[in-house]
Structures are given as structure tokens and as C-alpha cells.
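I am opening this notebook to keep track of what I look up, one entry per topic.

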Amino acid sequence: MDSLAFVHDRVLTWAKGALRPLPWRDPDCSPWGVYVSEVMSQQTPVARVEPAWREWMARWPTPAALAADTPGEAVRMWKRLGYPRRALRLWESAGQMVAAHDGEVPRSHADLLALPGVGEYTAAAVASFAYGEPVPVVDTNVRRVLVRVFDGREHAAPAMTAAERELAARAMPADRDEANAWNVAAMEFGALICTARSPACDSCPIRSRCAWQLAGRPAYDGPPRRGQAWHGTDRQARGALLAVLRAAPGAVPRDALDAAWDDAAQRDRALRTLIEDRLVEPLPGERFALPS
């Protein structure tokens with residue numbers, strides 16, 4: 001058995017008993033449910049996404065339901081998932097689905113890419129997981145698995161390269177159903193076994209064919225991999241101001257926002273960017289509200 005067939009066989013076999021029972025992986029989950037999960041999962045751990053996803057789907061089970069509500073309610077329901085512009089993009093996407101796609105999540109790659117906030121990964125993930133299209137779905141976890149197993153490198157490059165895209169395409173099984181099963185299995189394998197910091201190499205079912213393992217697990221020697229800071233940043237300040245607005249039933253006075261963040265210059269900058277991003281709406285009398 002060649003290395004690629006071996007990896008497919010072992011990872012797919014592993015996945016049969018190891019996949020997390022996430023609600024958007026249920027066969028009865030709607031394409032909208034898959035779409036919402038993918039937007040929520042951008043830069044947010046699955047453990048935080050699942051409860052938010054359940055609340056969101058209970059309130060807005062279809063694109064039409066969300067499109068009929070206000071963008072402010074979408075921002076309110078986003079709570080502390082981070083990067084709240086994604087809530088606006090979801091609301092805008094729902095409106096576009098209603099206006100141009102009969103209230104459904106579109107199937108075609110081009111139509112998916114045309115939705116607000118959708119990039120190559122999200123378009124591929126929705127096409128595969130919602131509609132069974134056999135396209136490579138390559139997130140951070142999949143990239144790490146592929147470069148370790150086939151290239152012998154500990155980590156992928158900071159941004160996806162053309163060589164990695166070609167590798168992902170070559171790694172896809174030829175069979176349609178197997179290809180879609182591989183997309184899910186490879187993502188989970190990277191999330192649970194071939195992790196970034198503490199890979200479970202001793203229990204890895206493809207250890208004997210992993211180029212990184214066979215090379216002695218050489219350390220990463222590429223560009224520095226920097227994490228994203230949070231404490232004391234403008235992102236934290238923006239989150240503090242939005243928390244005040246989410247908790248209020250209506251508009252809040254300026255002094256309520258002033259009390260939420262001590263640094264006046266940073267607070268003003270955060271508020272200005274929230275207004276520019278249309279996450280906050282300024283009102284007469286120095287009052288502020290979520291967008292209407």
C-alpha cells in the first residue's frame with residue numbers, strides 16, 4: 001500500500017470512532033446550520049462555538065429569519081465569540097441569500113465566494129459539508145497534518161502557499177464520498193492527534209509513514225509564529241464597550257461607555273472604529289446603540 005493510500009485508510013478508520021459529535025455534522029443539519037458553524041469557527045475554538053451555534057440556530061433557523069431581524073440583534077447574540085464583524089457578515093449574507101438565492105445557502109463556489117466575509121476556506125467547507133462537493137477543505141489543522149506527514153515539516157508556512165494547495169489537492173481521495181469523509185477526518189485528526197503544541201505521536205495511527213516523525217521531528221525553522229495578543233489591546237477595549245451595549249435594552253449614554261474602559265484615548269479610538277465598522281450606531285445626545 002503506497003503512503004497516500006495508507007494515510008487515507010488509517011485516518012478514515014480512526015475517524016469512525018473519534019469524531020466529536022458536533023451538531024453541524026449531523027446528517028440532518030441544514031446547509032444554513034453548516035454555514036453558520038463555519039463563520040463562527042473562524043478564529044474561534046469549537047468548544048466556544050457550539051453553545052453559541054445552538055442559541056443562534058434556535059433563534060434564526062433559516063437565513064430568512066435572520067434577515068428579518070436587525071443587525072444589532074445579530075451583534076447582541078454574538079456575545080463574546082470575538083471578531084464581531086462576523087455577526088454583521090452573517091446578517092448581510094442572510095439578506096443576500098433571501099434576495100438572490102430563494103432564501104437558501106448557495107451551492108456554487110462562485111456564489112459562496114460572493115457572500116460577505118466568505119473566503120476560499122469557508123466556500124470550500126460549505127460546499128463539502130453542506131452539499132457533498134468533493135473539494136479540498138484546508139484549514140490550519142489540515143495544513144499541519146499534510147506538511148508533517150508528506151513534507152516532514154513541523155508547521156506549515158504562515159500563509160498557505162501554492163505548493164500546499166497542490167499537496168492538499170493530491171491528498172484528496174478520488175472517490176466522492178471518501179473525499180468528503182477525508183475533509184472531516186483530516187481536520188479532526190489535526191485538532192485531536194496531530195496538534196500544534198503537543199502532538200500525540202505515540203498513539204498516531206500513521207506514525208510509521210509520517211515524514212516528520214521519520215526525520216526525527218525536526219524543529220520548525222521558518223518565519224516566527226506569533227500568537228494574537230488580547231490583554232490591553234484595542235480588541236479588548238472594543239469588546240468591553242460592546243459588552244455594555246449588548247447588556248442594555250436600548251441606547252446607552254456616553255458615560256456608561258466611559259466607565260467600561262479607563263484609558264480615554266484608547267477608549268475613544270475603540271469607539272471610533274466600532275462606529276466605522278457599523279457595529280455601533282451613534283445617536284443624538286451623546287448616546288450609542290447596537291446597529292438598527
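**Entry 1: α2 and α3.** How are α2 and α3 oriented to each other? Before answering, I note where my values come from: this is a predicted model, in which local features need pLDDT of at least 70 and side-chain atom pairs count only at pLDDT 80 or more, while totals for chains, interfaces and linings use all residues. Residues are numbered from 1 along each chain as its sequence is written, and side-chain values use heavy atoms, with hydrogens and water left out.

I looked up the axes of α2 and helix α3 (residues 46-59), which come within 10 Å and cross at roughly 140 degrees; axes here are lines fitted to C-alpha atoms, for helices over the stretch in contact, and angles run from 0 to 180 degrees between N-to-C directions. α2 and α3 are therefore oblique to each other, given that angles under 35 degrees count as roughly parallel, over 145 as roughly antiparallel, 65 to 115 as roughly perpendicular and the rest as oblique. The crossing of these two helices, α2 and α3, is right-handed (a crossing is right-handed if the near helix is turned clockwise from the far one by less than a right angle, and left-handed if anticlockwise). On the α2 side I found W32, G33, V36, S37 and M40 making the contact, and on the α3 side V49, A52, W53, W56 and M57, where contact means heavy atoms within 4.5 Å. The residues of this contact of α2 with α3 divide into 8 nonpolar, 2 polar and no charged; Ala, Val, Leu, Ile, Met, Phe, Trp, Tyr, Cys and Pro count as nonpolar, Asp, Glu, Lys and Arg as charged, and the others, Gly among them, as polar.

**Entry 2: α2 and α6.** I next followed helix α2 (residues 31-40) to α6, and their axes come within 10 Å and cross at roughly 155 degrees, so α2 and α6 are roughly antiparallel to each other. α2 passes α6 in a right-handed crossing. From α2 the contact takes W32, Y35, V36, V39 and M40, and from α6 it takes R86, L90, S93, A94 and M97; by class I noted 8 nonpolar, 1 polar and 1 charged for the contact of α2 with α6.

Entry 3: How many residues of helix α5 (residues 71-78) are buried? I found 7 of its 8 residues buried, where buried means under 20% relative accessible area, exposed over 50% and partly exposed in between (1.4 Å probe, protein chains only). They are P71, G72, E73, A74, V75, M77 and W78, and these buried residues of α5 pack against α2, α3, α4 (63-67), α6 and α13. For α3 and α5 I noted an angle of about 150 degrees with their axes 10 Å apart, and they are therefore roughly antiparallel to each other. E55, W56 and R59 in α3 meet E73, A74, M77 and W78 in α5, a contact with 4 nonpolar, no polar and 3 charged residues. Just after α5, K79 takes a positive phi of about 55 degrees.

Entry 4: Most residues other than glycine have a negative phi. I therefore looked up D102, a residue other than glycine whose phi is near 55 degrees, in the loop between α6 (85-100) and α7 (109-113); D102 counts as exposed at 75% relative accessibility. R217, also not a glycine, has a positive phi of about 55 degrees and is found in the loop between α12 (211-214) and α13 (234-247), where R217 counts as partly exposed at 37% relative accessibility.

**Entry 5: R143.** Is R143 buried or exposed? R143 lies in helix α9 (residues 140-151) and is buried, with a relative accessible area of 11%. Leaving aside neighbours within four places in sequence, I found R143 in contact with V138, A156, A157, P158, A159, M160 and E164.

**Entry 6: the sheet and the whole chain.** I counted 15 helices and 3 strands in the chain, where helices (H or I, at least four residues) and strands (E, at least two) are DSSP runs, numbered from the N terminus. The 3 strands form an open sheet in the order β1-β3-β2, with antiparallel pairing; two strands pair if DSSP finds at least two bridges between them. β1 (252-253) and β2 (281-283) stand at the edges, each with a single partner strand, so one side of each is left without a neighbour in the sheet. Buried residues make up 45% of the 292 residues in the chain.
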